[in-house]
Amino acid sequence: MKVFVMNKKRVIILLCLVIVITAAVVGFIYCETAQTLKTSGGLPIYSVQTDKKQIAISFDAAWGNEDTPELIQILKQYNIKATFFLVGSWVDNYPNSVKDLAAAGHSIQNHSNTHPYLTKIAIDDARREITTCNEKIKKLTGTAPILIRPPYGDYNSEVVDMVENLQMYTIQWSVDSLDWMDISADEIYNNVVPKIKSGDIVLFHNAAKHTPEALPRIIEALQKEGYEFVRIEDLIYKDNYRIDVNGAQMQDK
């Protein structure tokens, strides 16, 4: 009887050990996966903490198309690749411009399908806004976006988590040109150049009245300061990162 009791105790102890070890292994795997795939904590990327003197300029395209050809020529003149966030309906209306941007080597990314406030619609509808735009862009360029800029900069943690589940990154901006307000070229310049630091993401629009006038001066000034212009997907960290409360993405060591 004693032997049976002792064996029973040993079995229980062994089972407990197995459970503890299994839980530890599962927890380790989960943490490793979370570190790689989900490290934003429900926050979008506004800027990147980097030792490289790099910045990214971006353009949102939602309605008009007046300046896109001129912007392509300006960027070509300075040998700069930018990031363009396109709304799906804009893609429908200007497919040749989408192809021109891609042919020029610019990054074509997602700005939703119809430009709604993503936090004010059901999460399934928000997901559909993103995936539909992705499909339209991929059909024209052969490449699906990996970045999404929420319309109006509107987001919450549920939206950011949904984007991560799509294996995409939510992108905002750290320097706003305010060009959409139809301010002068000088004002656009002053909203950008004095505020720039390494790792910044600058927001412009493709149909703003004075952006083509301001852009060459901005580029020349920042190049003179030694900044390199890169596409956003080449600026951000793709894994093993965290984002602080100010939206600065940093590499985990």
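Is Arg231 buried, partly exposed or exposed, and at what relative accessibility? Arg231 counts as partly exposed, at 26% relative accessibility. Buried means under 20% relative accessible area, exposed over 50%, and partly exposed in between, with a 1.4 Å probe and protein chains only.

## Basis of the model

This is a predicted model, in which local features need pLDDT of at least 70, side-chain atom pairs count only at pLDDT 80 or more, and totals for chains, interfaces and linings use all residues. Residues are numbered from 1 along each chain as its sequence is written, and side-chain values use heavy atoms, with hydrogens and water left out.

## Salt bridges

The structure holds nine salt bridges. The criterion is a side-chain nitrogen of Lys or Arg within 4 Å of a carboxyl oxygen of Asp or Glu. Side chains of opposite charge can pair when their charged atoms come close. One of the bridges joins Arg231 to Asp234, with the closest N and O atoms 3.0 Å apart. Salt bridges with shared partners join Arg231, Glu233 and Asp234 into one network. Asp234 is partly exposed, at a relative accessible area of 45%.

Asp92 pairs with Lys136 in another salt bridge, and their closest N and O atoms are 2.7 Å apart. Helices here are DSSP runs of H or I with at least four residues, strands are runs of E with at least two, and both are numbered from the N terminus. Asp92 is partly exposed at 45% relative accessibility. Lys136 is partly exposed too, with a relative accessible area of 22%.

Helix α5 also holds Asp124 and Arg127. These two form a salt bridge, the closest N and O atoms being 2.6 Å apart. They are separated by about one helical turn because they are three residues apart in the helix. Asp124 is partly exposed at 45%, and Arg127 is partly exposed at 32%.

## Pockets

Rolling a probe the size of a water molecule over the atoms shows where empty space is left. The search uses a 1 Å grid over the protein atoms alone: a cavity is a set of points where a 1.4 Å probe fits but cannot get out, a pocket is an open set with protein on both sides within 12 Å along at least five of seven lines, and lining residues have an atom within 4 Å of a point. Grid points are joined across faces, edges and corners, and a volume is the space filled by probe spheres set on the points.

The largest pocket has a volume of about 370 Å³. It is lined by 20 residues, and the closest to its centre are Asp60, Trp63, His115, Trp180 and His205. The lining divides into 10 nonpolar, six polar and four charged residues. In this count Ala, Val, Leu, Ile, Met, Phe, Trp, Tyr, Cys and Pro are nonpolar, Asp, Glu, Lys and Arg are charged, and the others, Gly among them, are polar.

The second largest pocket has a volume of about 160 Å³. Its lining consists of Gln49, Thr50, Asp51, Tyr237, Met250, Gln251 and Lys253. Two of these residues are nonpolar, three polar and two charged.

## Nonpolar surface patch

Trp63, Tyr117 and Tyr152 form a nonpolar patch on the surface, with about 380 Å² of accessible area together. Patch residues have over 30% relative accessible area and no salt bridge; like charges are joined within 9 Å, and nonpolar side chains (Val, Leu, Ile, Met, Phe, Trp, Tyr) within 5 Å. Areas come from the Shrake-Rupley method with a 1.4 Å probe, and for residues only the protein chains shown count as cover.

Trp63 lies in the loop between β2 (54–61) and α2 (68–77). Trp63 is exposed, with a relative accessible area of 61%. Tyr152 is placed in the loop between β5 (147–148) and α6. Tyr152 is partly exposed, at 44%.

## Backbone and contacts

Tyr152 has phi near 65°, a positive value in a residue other than glycine. Leu178 has phi near 60°, also positive in a residue other than glycine. Leu178 occupies the loop between β7 (175–176) and α7 (185–192), and is partly exposed at 28% relative accessibility.

Leu101, in helix α4 (residues 95–103), is buried at 0% relative accessibility. Its C-alpha atom is 9.4 Å from that of Thr141, 40 residues apart along the chain.
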